[in-house]
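Please open the model in your viewer and keep the selection panel at hand.

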Amino acid sequence: MITTLLAAGTTAAGASDKITIPPIRYLAILPPIIMIGGAVILLAVASLVSRPLRVRVSTIGSVIISGGAFGIAIWQWCDVRAHGAHTYIAHAVVMDGFSVLITMLVAGAMLLTALVADGYLKREGITGAEFHVLALVSASGAMLMGMANDLIIIFLGLEILSIALYVLTAFNHRQAASGEAALKYFLLGGFSSAIFVYGIALTYGATGSTNLIQIADFLSKNVVLTNGLLLAGLALMLVGFAFKIAAVPFHMWTPDVYEGAPTPVTGFMAAVAKAGAFAALLRVLFTSMGVISSDWKPIIYALAVLSLFLGSVVALRQRDVKRMLAYSSINHAGFILLGVESALPRGVSASLYYLVAYMFMTIGSFAIVTVLGRQGDADHDLTRYRGLARRQPFLALSFAILLLAQAGAPFTTGLWAKLQVVLATVSAGAVPLAVIAMVTAVIAAFFYLRVGVLMYASKEPAEGGEGLVVPPTGTDATTVAGTDAGPQIPWASPDGVSATITTLNAELLLADDAPAASGEETPSTVPVPALTSVAIGICVAFTVIFGIVPAPLLDFCNHATLIFFGR
């Protein structure tokens, strides 16, 4: 009897030892493999050479790796258009238009960041390949989140993305603020990851699977009498996603981390972390949780309203440009959530368009902030931007265009991005939310225009030091005492308007800085690295060209969404 039981146990154990390997199509996962493999090769080369690897070599390597991943993404797009979308590796990974677009976005962001970081690293005297290696690894995590069709894969991508970002945030070891920001990001990020994985566990307990398609199939074929476990899991996962996209009230880390991190890292973080998190959020909500959209739409609605209002209002009082752009990113997250809240294919398309437009706007903006930060990357006060147009017209014009785009000005991608998400919200019947978004856009336009006015306004109230002429109370508006040229309106002339705007900035917008302005040293011209200029030029050109001719980019996002929903 005992011998029989032992023999049966041995047979069962032998059968259970067999591991079934699912079929793998490497084209579907080739971009993140290229990013991780390239990072490993770059790190190996840096370890084998006798001297620290030159920054330019690391930059060229990162550009080649990112360009290779982008090229593979184009191949994937052609394959999806020809053969349709498919899932691979036991349905854990999906290759569709949605995943391909996210891959292209992340690869483009990595390429631009490598160009921007080249000048920064040289200026700060940092050698080696560590910066580029960490950025490549982080980008691979965002790509993985975009193509994930399983909650476990999403969590894996989230951790790959986050852990590298924690280290990059502390990369400027010469500044205590960088280490402090990294510690805060790490602690809060660790809590959010724990909450997210607990939500995955509860979702698995409620549905019996972590695969998004199987979860959707379970919810469509079964009537859940008590769905408290499922809703609790969904709520916890939404907390994890909200932390990564910096949605209120899970935004507390954003201003301090954006301010303390090296500026190229801040731009990379703003673009790539949002792209990966929003890609996973859209995939989870629309692929697996679409049946219960009535349960998660109110949560997204509340997150959008809070993010829109707080991001626009609090940014008004910021004097540090990086903190201002941090709150601006919170406001942008609220706008992208409009597309999510619509629960429509049009909303997904609008969100994708917004992510692409935002990537170029934010990386270009932080590239300019990187240059103007000077040695030490700590000179980011708004007053340092006063008169920038006279000192460096290229930087001032580029920054003005990118800020106007973020405000939603015509002939920029920012206008079409905001318009698309608002129209998607109106199509879903959430008109009050659309109205709230437009009101906050008007509020946000103020702090964008403030920087533009500072850059193009003169330091003195008027030429010759005569100041602004204001008529006394009771004086006819067409006559001013002391003028001999007949009826005039000095304050309505071009010089008078410029002086009025400058005075408003000095006395209203930057009142607390006005006393020190008289003895303040005029900022000097800063050199603009060649590769950084290329990155800024690409961002500005993309923003303007596709703002004037939006159809190609809109069609691309629409096709990606249609394939995504038609899977």
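Helices (H or I, at least four residues) are DSSP runs, numbered from the N terminus. Axes are lines fitted to C-alpha atoms, for helices over the stretch in contact, and angles run from 0 to 180 degrees between N-to-C directions. This is a predicted model, in which local features need pLDDT of at least 70, side-chain atom pairs count only at pLDDT 80 or more, and totals for chains, interfaces and linings use all residues. Residues are numbered from 1 along each chain as its sequence is written, and side-chain values use heavy atoms, without hydrogens and water.

**First stop: two helices**

Select residues 263–288, helix H11, and residues 321–342, helix H13; their axes come within 12 Å and cross at roughly 15°. H11 is therefore roughly parallel to H13 (angles under 35 degrees count as such). Next, show the side chains in the contact (heavy atoms within 4.5 Å): among them are Phe-278 and Leu-282 of H11 and Ala-333 and Ile-336 of H13. By class, this contact has nine nonpolar, four polar and two charged residues (Ala, Val, Leu, Ile, Met, Phe, Trp, Tyr, Cys and Pro count as nonpolar, Asp, Glu, Lys and Arg as charged, and the others, Gly among them, as polar).

**Second stop: the largest pocket**

Which residues are the closest to the centre of the largest pocket? Select Phe-70, Met-104, Leu-105, Phe-360 and Phe-542, the closest of the 18 residues that line it. A pocket is, on a 1 Å grid over the protein atoms alone, an open set of points where a 1.4 Å probe fits, with protein on both sides within 12 Å along at least five of seven lines; lining residues have an atom within 4 Å of a point. Then colour H4 (97–124), which gives the largest share of the lining, seven residues. The lining divides into 15 nonpolar, three polar and no charged residues.

How values were computed
Angles under 35 degrees count as roughly parallel, over 145 as roughly antiparallel, 65 to 115 as roughly perpendicular and the rest as oblique.
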